Amino acid sequence: MLTPVYIPREEYRFVVHGKPWVQKNNLIIRYKNPARKQGAFISHSKDMSDARDRLSNLMFAQFQQQGGRTPIDYNIEIDFVFYVERGHEPDLDNLPAIVCDAMQGIHVKNAPGVKVAAILKNDIRIRKGTILKIVEGDIDYVGEPRTELTVRRYLGAHC
């Protein structure tokens with residue numbers, strides 16, 4: 001008699017209300033020593049960083065409510081659904097970036113390598129996904145602008 005193999009199929013669902021943010025074209029030059037303009041590096045605006053941190057915190061709270069405790073460190077697949085307003089319609093390929101970054105948590109200032117509110121250890125673990133953009137006026141558009149995603153274990157790999 002064969003012994004059945006148990007494959008965990010946990011699934012997490014997230015809904016973040018509000019206009020989906022796009023990270024593209026939001027880069028600025030900052031300096032480690034602004035007075036001398038030394039140590040230049042590229043970063044996002046404060047508004048964008050605040051939006052990403054807000055997204056991290058909102059999604060992490062939902063992760064915990066669904067039983068999530070530690071950041072996911074196995075291969076996953078994600079289904080993204082973005083509900084956007086017609087007047088603020090971004091390109092489809094730019095929508096998931098901020099969500100994937102937010103899932104990796106918030107860096108703690110002056111503590112290298114330390115993150116809080118992390119759902120996903122590293123977004124390299126995303127192996128498969130779908131992206132759907134539903135624009136206000138489309139037949140499937142219901143409600144207000146928002147981001148919805150479903151995260152589940154990817155079964156097409158050994159680990």
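Biologist: Is Val116 buried, partly exposed or exposed?
Modeller: Val116 counts as partly exposed, because its relative accessibility is 42%. Buried means under 20% relative accessible area, exposed means over 50%, and partly exposed is in between, with a 1.4 Å probe and protein chains only.

Biologist: Before we go on, what are the ground rules?
Modeller: This is a predicted model, with local features needing pLDDT of at least 70 and side-chain atom pairs counting only at pLDDT 80 or more, while totals for chains, interfaces and linings use all residues. Residues are numbered from 1 along each chain as its sequence is written, and side-chain values use heavy atoms, with hydrogens and water left out.

Biologist: Which strand is Val116 in, and what is Val116 in contact with?
Modeller: Val116 is in strand S6, residues 115–116. Strands (E, at least two residues) and helices (H or I, at least four) are DSSP runs, numbered from the N terminus. Leaving aside neighbours within four places in sequence, Val116 is in contact (heavy atoms within 4.5 Å) with Gly105, Ile106 and Val108.

Biologist: Switching to H1. What is its length from first to last C-alpha?
Modeller: H1 has 20 residues and reaches 29 Å, close to the 28 Å expected at 1.5 Å a residue. The expected span is 1.5 Å times one less than the number of residues.

Biologist: Which residues of H1 are buried?
Modeller: Met48, Ser49, Ala51, Arg52, Leu55, Ser56, Met59, Phe60, Gln62 and Phe63 are the buried residues of H1. They cover an arc of only 165° around the axis, so they sit on the same side of H1. The arc is taken from the directions from the helix axis to the C-beta atoms.

Biologist: What is exposed on the other side of H1?
Modeller: Lys46, Asp47 and Gln65 are exposed there.

Biologist: Now the core. How many residues are in the largest nonpolar one?
Modeller: The largest nonpolar core has 29 residues, and Met59, Ile72, Val99, Met103, Leu149 and Val151 have the most contacts inside it. Strand S1 (11–17), helix H1 (46–65), strand S4 (76–84), helix H2 (96–103) and S8 each supply at least two residues of this core. A nonpolar core is a set of buried Ala, Val, Leu, Ile, Met, Phe, Trp, Tyr and Cys residues joined through side-chain atoms within 4.5 Å.

Biologist: What does S8 pair with?
Modeller: S8 pairs in the antiparallel sense with S1 over 7 bridges, and with S4 in the antiparallel sense over 8 bridges. Pairing requires at least two DSSP bridges between the strands. Val15 stands opposite Glu148 in S8, and Phe82 has Thr147 in S8 as its bridge partner.

Biologist: Is S8 enclosed or open?
Modeller: S8 is largely enclosed by the rest of the structure, because 7 of its 8 residues are buried.

Biologist: Thr150, buried or exposed?
Modeller: Thr150 counts as buried, because its relative accessibility is 12%.

Biologist: What does the side chain of Thr150 make a polar contact with?
Modeller: The partner is the side chain of Arg13, at 3.5 Å. A polar contact is a pair of N or O atoms within 3.5 Å; within protein, one must be able to donate a hydrogen and the other to accept it, and residues adjacent in sequence count only if both atoms are side-chain atoms.
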